[in-house]
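This briefing is meant for a reader who is meeting the structure for the first time. Please keep the sequence and the model side by side while going through the points, which are grouped by topic.

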Amino acid sequence: MLETVIKQGVIFYVMGGMLVIGIAAKVISHFTTGKMVRAAGEIQKSNHRLMRLVKAKFEHASMVSDKVQNVEVFVKKYLYEYKVFGVHLSTWQSLPKKMAWLIAAIGIAGSLISFQVLGMGEETFRYICFTGIFAVALFSIHILSDEKTKWAAAENYMVDYLENVCLHRYEKAGLDAQKVTEAENAEAEPLKAETDENVPGALEMQEKSEISKQAELTKERVEQEMRIRAILEEFLA
């Protein structure tokens, strides 16, 4: 059995397949991360699905709790959950290194089996040489690539935009809305007192006005929720 495996070169085919998987993973990781960095650099006008998802989620979180306490953790969460072809991008990034270790392990095992079956001959030297070449090649590709740097750059771009643009914008919008509400209440109090004394049905008119305002706010919130839901459905599709 072992002699047949050695002579037919099954272990060589397995190592070659792992080499191909590692290189393919590195290519996917390289181009996807580069595209993500470019989109993060122009996040305000980008149509990249991850950027749209992060902006929609941040807007929703700001509406619910008024402020996102830790923007960096918020961004890291969605970066980690980002998938390419159904697999996390972080998995694609680490796959070449894992394949290199597997090639080294299988190659060493193949060399030992070849030595045990055929002795220290040409076949054993072939296993040793190909194991070293494949493993070193994948390790070199993994080390020389700069996906981690690009990942950190994309994270910095996104955190900077959310903290310095979106966060202040939503805080300002909330303060403006609060000031408008307080001003309207201040103006409505003397008017209410006057109309309560002189105009029948004033209380009913005021209640209708408040109901109308609440309906408008509810409508705006529903529209925002529908927009965010559409983005999430597109992201998950």
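Thr-4 is found in helix H1, which covers residues 2–8, in what is a predicted model. With a relative accessible area of 40%, Thr-4 is partly exposed, and its C-alpha atom lies 10.0 Å from that of Val-117, although 113 residues separate Thr-4 and Val-117 in sequence.

**Residues apart in sequence, with their distances in space**

- Glu-123 is found in helix H6, and at 18% relative accessibility Glu-123 counts as buried, because the cut-off for that class is under 20%.
- Between Glu-123 and Gly-9 the C-alpha to C-alpha distance is 9.5 Å, while in sequence Glu-123 and Gly-9 are 114 residues apart.
- Val-20 lies in helix H2 and is exposed, its relative accessible area being 54%.
- Gln-44 is found in the loop between H2 and helix H3, the latter spanning 49–65, and Gln-44 is exposed, with a relative accessible area of 53%.
- For Gln-44 and Lys-55, which are 11 residues apart in sequence, the distance in space is 8.8 Å from C-alpha to C-alpha.

**Aromatic rings**

- The count of aromatic pairs comes to 5, and one of them is formed by Phe-12 and Phe-130, whose rings are 5.4 Å apart centre to centre with 75° between the planes, an edge-to-face arrangement.
- Phe-12 lies in helix H2 (residues 10–41) and Phe-130 in helix H6, so this pair ties together parts of the chain that are 118 residues apart in sequence.

**A loop residue with positive phi**

- Phe-85 has its place in the loop between strand E1 (83–84) and strand E2 (87–88).
- The phi angle of Phe-85 is near 55°, which is a positive value in a residue other than glycine.
- Phe-85 is exposed, and its relative accessible area is 70%.

**The second largest pocket**

- About 230 Å³ of space lies in the second largest pocket, and the elements that give two or more residues to its lining are helix H5 (89–118), helix H6 (122–144) and helix H7 (147–198).
- Which helix gives the most to the lining of the second largest pocket? That helix is H5, which gives 4 residues.
- The lining of the second largest pocket is made up of Lys-26, Ser-90, Gln-93, Ser-94, Lys-97, His-142, Ile-143, Ser-145, Glu-147, Lys-148 and Trp-151.
- Sorted by class, the lining of the second largest pocket has 5 polar, 4 charged and 2 nonpolar residues.

**The chain as a whole**

- The protein chain has 8 helices and 2 strands, and from the N terminus on its elements run α-α-α-α-β-β-α-α-α-α.
- Of the 237 residues in the protein chain, 33% are buried.
- Among the contacts in the protein chain with a separation of 6 or more, 78% are accounted for by residues 24 or more positions apart.
- The accessible surface of the protein chain comes to about 15200 Å², and carbon and sulfur atoms hold 61% of that surface.

Methods
Residues are numbered from 1 along each chain as its sequence is written. This is a predicted model: local features need pLDDT of at least 70, side-chain atom pairs count only at pLDDT 80 or more; totals for chains, interfaces and linings use all residues. Side-chain values use heavy atoms; hydrogens and water are left out. On a 1 Å grid over the protein atoms alone, a cavity is a set of points where a 1.4 Å probe fits but cannot get out, and a pocket is an open set with protein on both sides within 12 Å along at least five of seven lines; lining residues have an atom within 4 Å of a point. Grid points are joined across faces, edges and corners, and a volume is the space filled by probe spheres set on the points. Ala, Val, Leu, Ile, Met, Phe, Trp, Tyr, Cys and Pro count as nonpolar, Asp, Glu, Lys and Arg as charged, and the others, Gly among them, as polar. Buried means under 20% relative accessible area, exposed over 50%, partly exposed in between (1.4 Å probe, protein chains only). Contact means heavy atoms within 4.5 Å. Accessible areas come from the Shrake-Rupley method with a 1.4 Å probe; for residues, only the protein chains shown count as cover. Rings of Phe, Tyr and Trp (its six-membered ring) pair if their centres lie within 6.5 Å; planes under 30 degrees apart count as stacked, over 60 as edge-to-face and the rest as tilted.
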